[in-house]
Amino acid sequence: MLVFERKNQLSDWARQEKSTGRTIGFVPTMGALHRGHLSLVSRAGMDNDLVICSIFVNPIQFNNPQDLKKYPRTPERDLRLLREAGCTAVFCPSGTEMYPGPVTTTYDFGQLDKVMEGRFREGHFNGVAIVVNELLDVVGPDRAYFGQKDFQQLQIVKALARKEHPGTEIIGCPTVSEDDGLALSSRNARLSEQARREAPCIYRALQMARDSYPHTPIGEIKKQLARYIETSPQLKLEYFDIVWADSLMPVERPDPSRQVVGCIAAYAGKVRLIDNLAFNS
Ligand code: AMP
């Protein structure tokens with residue numbers, strides 16, 4: 001497995017490989033890899049000749065400095081897991097390699113980046129868009145793989161790629177979870193024992209909400225979910241929204257012809273977790 005630290009070395013190599021007709025699948029990550037990340041690598045390997053993965057804890061997408069400081073970092077383990085997963089090349093840039101100068105780009109995704117995470121994490125999606133745009137420029141992949149776990153991020157990346165990288169297909173991959181329903185996340189490593197025990201309530205709450213939809217009024221479903229989350233002392237609900245999958249705007253009246261997703265963010269102790277569930281797949 002090749003390891004690149006420089007943008008120009010990676011892009012020269014990737015361009016060379018593409019010129020021989022090989023297809024490239026790309027998986028951007030922030031490291032502290034788990035089975036969720038590896039499922040993207042495996043899917044990219046099925047669809048493409050080569051798989052490139054990036055590991056970069058992107059400082060400009062953290063709205064909370066403590067979250068950035070405490071973000072888990074396991075570089076040696078990550079490289080071993082990627083090698084075992086059959087990844088062709090890994091890109092591990094430093095902060096200055098990624099951002100040699102001041103970062104000033106501002107994106108506008110309409111409502112997509114204003115709702116849900118956008119309301120609580122100011123500047124987060126602009127930071128995500130900047131890093132993804134830069135990585136897609138460097139790698140020039142045929143396909144890039146993102147988890148549905150970050151559902152809002154996936155919709156924003158699709159909007160970004162339609163405009164800036166029409167030659168790259170964005171592929172959303174299913175969420176990988178623990179047996180008890182907790183979605184895998186690098187942040188799970190920071191959960192206290194009790195918060196870890198209670199965290200699966202987040203997924204159970206989503207399932208209950210899905211089962212109540214569409215016969216229970218949306219307002220009532222939201223209240224029921226909030227009450228259920230409150231029964232776990234370690235959990236604190238930040239938001240729960242029932243939205244149209246394409247526009248991310250809140251559903252007011254059910255429409256069976258449109259896809260609906262329930263999206264949640266909650267603290268488990270000090271750790272902020274997000275998850276979502278399709279309500280009518
Ligand atoms: P991150 O390292 O958290 O930035 O995540 C890198 C990629 O892995 C993103 O596209 C995430 O949506 C995806 N991902 C994170 N957790 C999961 C999961 N549990 N299942 C599937 N994909 C995931």
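User: What area is buried between domain 1 and domain 2, and what share do carbon and sulfur atoms give?

Analyst: Buried area is the accessible area that two parts lose on being put together, summed over both. In this predicted model, domain 1 and domain 2 bury about 1,800 Å² between them. Carbon and sulfur atoms give 61% of that area.

User: Where does the chain divide into these domains?

Analyst: Domain 1 covers residues 2-173. Domain 2 covers 186-275. Their C-alpha centres lie 26 Å apart.

User: How many residues of each domain are in contact?

Analyst: Count residues on each side separately. Domain 1 puts 22 residues in contact with 17 residues of domain 2.

User: How many salt bridges does the rule find across the interface of domain 1 and domain 2?

Analyst: Start with the general idea. Side chains of opposite charge can pair when their charged atoms come close. Across this interface the rule finds four salt bridges. A search of the whole structure finds 22.

User: Which salt bridges does D67 form?

Analyst: Take the partners in turn. R187 meets D67 in a salt bridge, at 2.9 Å from N to O. R190 also forms a salt bridge with D67, and here the closest N and O atoms are 3.7 Å apart. The cut-off for a salt bridge is 4 Å, so the R190 pair counts.

User: Where in the chain do R190 and D67 sit?

Analyst: The R190–D67 pair links distant parts of the chain, 123 residues apart. R190 is in the loop between β6 (169-173) and α9 (193-198). D67 is in helix α3.

User: Which helices supply the side of domain 1 that touches domain 2?

Analyst: Look for elements that give several residues. α3 (65-70), α6 (117-120) and α8 (151-164) each supply at least two. By class, the residues on this side of domain 1 divide into nine nonpolar, six polar and seven charged.

User: Now the ligand. Which residues are closest to the ligand, and how many surround it?

Analyst: The ligand is surrounded by 17 residues. The closest are H37, G147, D150, V176 and L184.

Technical notes:
Residues numbered from 1 in each chain as written. Predicted model: local features only at pLDDT ≥ 70, side-chain atom pairs only at ≥ 80, totals over all residues. Heavy atoms only, no water. Domains from an automatic or database assignment. Contact = heavy atoms within 4.5 Å. Buried area = accessible area lost by both parts, 1.4 Å probe. Salt bridge = Lys/Arg side-chain N within 4 Å of Asp/Glu carboxyl O. Helix = DSSP H or I, 4+ residues; strand = E, 2+ residues; numbered from the N terminus. Nonpolar A, V, L, I, M, F, W, Y, C, P; charged D, E, K, R; others polar. Near = heavy atom within 4 Å.
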